[in-house]
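Please find below a colleague's note on the model under review. The sequence and coordinates are shown first, and the numbered points follow.

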Amino acid sequence: MSKTICPAPFVHQSTKTDGSIKLCCRSLPRIGNTNSMSLTEAWNCDTIKQVRLDMVNGIRNKHCEVCYKDEDAGVDSLRQKYLNKRSKKMLDEYEHAVSIMSPDGSLSTGVKWLELKLSNLCNFACRMCSVHDSTSWFKEWDKISDLQPIDWQEHIVNLGLTKKPYLGYEDAFIEGLDLTEVLELNFAGGEPLFDEKHYMVLDKVIDRADEIFLSYATNLSMLKFKKYNVLDYWSKFKAVKLAVSLDGNKEQNDYIRCGSKWQQIQDNILQLKKYPNIRIVAKITVQNTNVYYIPEALEWFDSMGIETEITFVRYPEHLSASVLPTDLKNKVVNKLDKYDYSCISSILAFVKQDEYTKELWDKFWQHHTALDKSRNENLIATFPIFKQ
């Protein structure tokens, strides 16, 4: 298996709430913006053509540095997950695209797998999120904004998010989407189930729902929104995968994901398990608050009979599990070493990266102290490991 190639640039396209067009949700920098380039134009732009050529020639392109860095550290990368866990149909499409790629890196085939972040509309204000990805952050953003890098603060100002909460696409973007070759649709946000535009996209492909695979990053806090019942849609599609954001056991999840009520989410999971075409996965966002308590979360998910996937907070840096000071990091490693869950080795590899600085650790405390005061919560009461 090539150590550089990834299916994404050959079959996949990803958008963000600010109009960014990306190779995938993890890649940086963006390859374009919908304000100046259509998705069709971006599909064979010079940047993506060069990425494709570099990949097949064994060259690490800068847009994919996050995955390559993970792999160098022994952490399972998104690239590896795409190669190992995509459907056979999508991997066949990727291999076909590689085989017919023109010498300049362009493709005559279109996007088969599209990820849409249509807006930042969200009913949660998760601790590691921002006003960029959640309207619920608008009233509190000023409490922690000065902890962010200057370029990110400027980006938020330039997007107008210090004056208005909403960021997203207009109806015309949805109407202009070419979905004729798309076989897989991914939705993230914001919270897609809280966004009317998500249902507009489903309406565009409902006539061939039986051949389309849907997947979501969702907080699953609701199954009905305004006039929509999402089960009226999901029951018609070929298959639906729900990566449900759950970051801890009960109170810990509700602390990290402000607005969450874990009992409601658990009830929704149990209801959806009755549908044979719906697959539910608990997706844990590993960060320095919850990393010590990951085994308890995994036991909870096991009790509900659902699988687990992990992702890591990398931004803001002061919430990353890799910036824990040595004494806490040792406690995490010693505890997690005792468990044999398949994801533990990747978590340990991530934690063992030495990225601690006093500045980042001070920001960690400032971040949670400010939000604890605003939300009447208590980090130490919820995560006793920090009592010292």
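1. Basis of the note. The model is predicted, so local features need pLDDT of at least 70 and side-chain atom pairs count only at pLDDT 80 or more, whereas totals for chains, interfaces and linings use all residues. Residues are numbered from 1 along each chain as its sequence is written, and side-chain values use heavy atoms, with hydrogens and water left out.

2. Cysteines. The structure holds zero disulfides, a disulfide being a pair of cysteine sulfur atoms within 2.5 Å. For Cys24 the closest cysteine sulfur belongs to Cys25, at 5.2 Å, which is too far for a bond. The sulfur of Cys122 has its closest counterpart in Cys126, at 6.1 Å, again too far for a bond. Cys24 is buried at 9% relative accessibility, and Cys122 is buried at 8% (buried: under 20% relative accessible area; exposed: over 50%; partly exposed: in between; 1.4 Å probe, protein chains only).

3. Largest cavity. A cavity is a set of points, on a 1 Å grid over the protein atoms alone, where a 1.4 Å probe fits but cannot get out; a pocket is an open set with protein on both sides within 12 Å along at least five of seven lines; lining residues have an atom within 4 Å of a point. Points are joined across faces, edges and corners, and a volume is the space filled by probe spheres set on them. Of the 17 lining residues, Cys6, Cys24, Met55, Cys64 and Cys67 are closest to the centre of the largest cavity. Helix H4 gives the largest share of this lining, four residues (helices, H or I, of at least four residues and strands, E, of at least two are DSSP runs numbered from the N terminus).

4. Nonpolar cores. The largest nonpolar core has 114 residues, and Leu185, Leu214, Trp234, Leu242, Phe301 and Ile347 touch the most other members. Such a core is a set of buried Ala, Val, Leu, Ile, Met, Phe, Trp, Tyr and Cys residues joined through side-chain atoms within 4.5 Å. A second, separate core of twelve residues includes Trp141, Ile144, Leu159 and Leu167.

5. Second largest pocket. This pocket has a volume of about 400 Å³. Its lining comprises 22 residues, with Gln13, Leu39, Thr40, Val111 and Asp178 nearest the centre. Helix H2 supplies the largest share of the lining, three residues.

6. Tyr199. This residue is found in helix H10 (residues 196–205) and is buried, at 0% relative accessibility. Beyond its neighbours within four places in sequence, Tyr199 is in contact with Pro192, Leu193, Phe225, Tyr228, Val230 and Tyr233 (contact: heavy atoms within 4.5 Å).

7. Backbone geometry. Most residues other than glycine have a negative phi, and most peptide bonds are trans. A cis peptide bond joins Gly189 and Gly190, with omega about 10°; the bond from Tyr315 to Pro316 is also cis, with omega near 0°. Leu220, not a glycine, has a positive phi of about 50° and is buried, at 0% relative accessible area. Lys226 likewise has a positive phi, near 50°, but is exposed at 65% relative accessibility.
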